[in-house]
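Subject: The structure I promised you

Hi,

Here is the structure I said I'd pass on. Have a look at it first, and then read my notes below.

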Amino acid sequence: QVKLVESGGGLVQPGGSLRLSCTASGSTFSTYTMAWFRQAPGKEREFVARISQRGARTDYHDSLKGRFTISRDNAKNTMYLQMNSLKPEDTAVYYCAAKEPIATMYTSWGQGTQVTVSS
């Protein structure tokens, strides 16, 4: 497993932008598929986006395409989530997760960072 730490959350007005970061410990970051999930109050955790080991492939929740962009910098052991045109319904705790190459589930999770979209 790898230790993950999210940062960059906060309060933003509707229509604003935030960039979340997820920094991993260890030297094997580039071998993990990485993803962002979020959980809003009273709701189940949902998938946001994922990125392949070298960043060549990305996938998004259909409702977020065009507003959110996932990326990674393996030299910095860091993954990012650029969020634009934020809406109140984007308010949630955002978690990053890592999946080992042979795993079928995400086995490492960060502690989460709060994103609140409100005027």
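Let's begin with the sheet: 4 strands form an open, antiparallel sheet in the order β1-β3-β8-β7. The edges belong to β1 and β7, each with a single partner strand, so one side of each has no neighbour in the sheet. On average, neighbouring strands here are turned by 15° against each other, direction ignored. For that angle, axes are lines fitted to C-alpha atoms (for helices, over the stretch in contact), and angles run from 0 to 180 degrees between N-to-C directions.

Before going on, a word on where this comes from. It's a predicted model, so local features need pLDDT of at least 70 and side-chain atom pairs count only at pLDDT 80 or more, while totals for chains, interfaces and linings use all residues. Residues are numbered from 1 along each chain as its sequence is written, and side-chain values use heavy atoms, with hydrogens and water left out.

Two terms you'll need: strands (E, at least two residues) and helices (H or I, at least four) are DSSP runs numbered from the N terminus, and two strands pair if DSSP finds at least two bridges between them.

Now walk across the sheet. Strand β1 (residues 4-7) is joined to β3 by 4 bridges, and the two run antiparallel; Leu4 stands opposite Ala24 in β3. On to β8: β3 pairs with it over 6 bridges, again antiparallel, and Leu20 has Leu81 of β8 as its bridge partner. Finally, 6 bridges join β7 to β8, also antiparallel, with Thr69 partnered by Gln82 in β8.

How covered is β3? Mostly: 5 of its 7 residues are buried. Buried means under 20% relative accessible area, exposed over 50%, and partly exposed in between (1.4 Å probe, protein chains only).

The loops are worth a look too. Gly15 sits in the loop between β2 (10-12) and β3 (18-24), and it counts as exposed because its relative accessible area is 54%. Gly15 touches Ser85 and Leu86, leaving aside residues up to four places away in sequence; a contact means heavy atoms within 4.5 Å. Gly15 and Met83 are 68 residues apart in sequence, yet 9.9 Å apart in space, C-alpha to C-alpha.

Ser85 itself lies in the loop between β8 and β9 (92-99). Ser85 is partly exposed, at 41%, and its phi is near 50°, a positive value in a residue other than glycine. Asn77, in the loop between β7 (68-73) and β8 (78-83), also has a positive phi, about 55°, although it is not a glycine. Asn77 counts as buried because its relative accessibility is 16%.

Among the residues Asp90 touches are Arg38, Phe68, Ser85 and Val117.

Last, the largest pocket, with a volume of about 210 Å³. Of the 14 residues lining it, the closest to its centre are Arg38, Ala40, Lys43, Glu46 and Glu89. A pocket is an open set of points on a 1 Å grid over the protein atoms alone, where a 1.4 Å probe fits, with protein on both sides within 12 Å along at least five of seven lines; lining residues have an atom within 4 Å of a point. Points are joined across faces, edges and corners, and the volume is the space filled by probe spheres set on them. The lining divides into 3 nonpolar, 3 polar and 8 charged residues. Here Asp, Glu, Lys and Arg count as charged, Ala, Val, Leu, Ile, Met, Phe, Trp, Tyr, Cys and Pro as nonpolar, and the others, Gly among them, as polar.

Cheers
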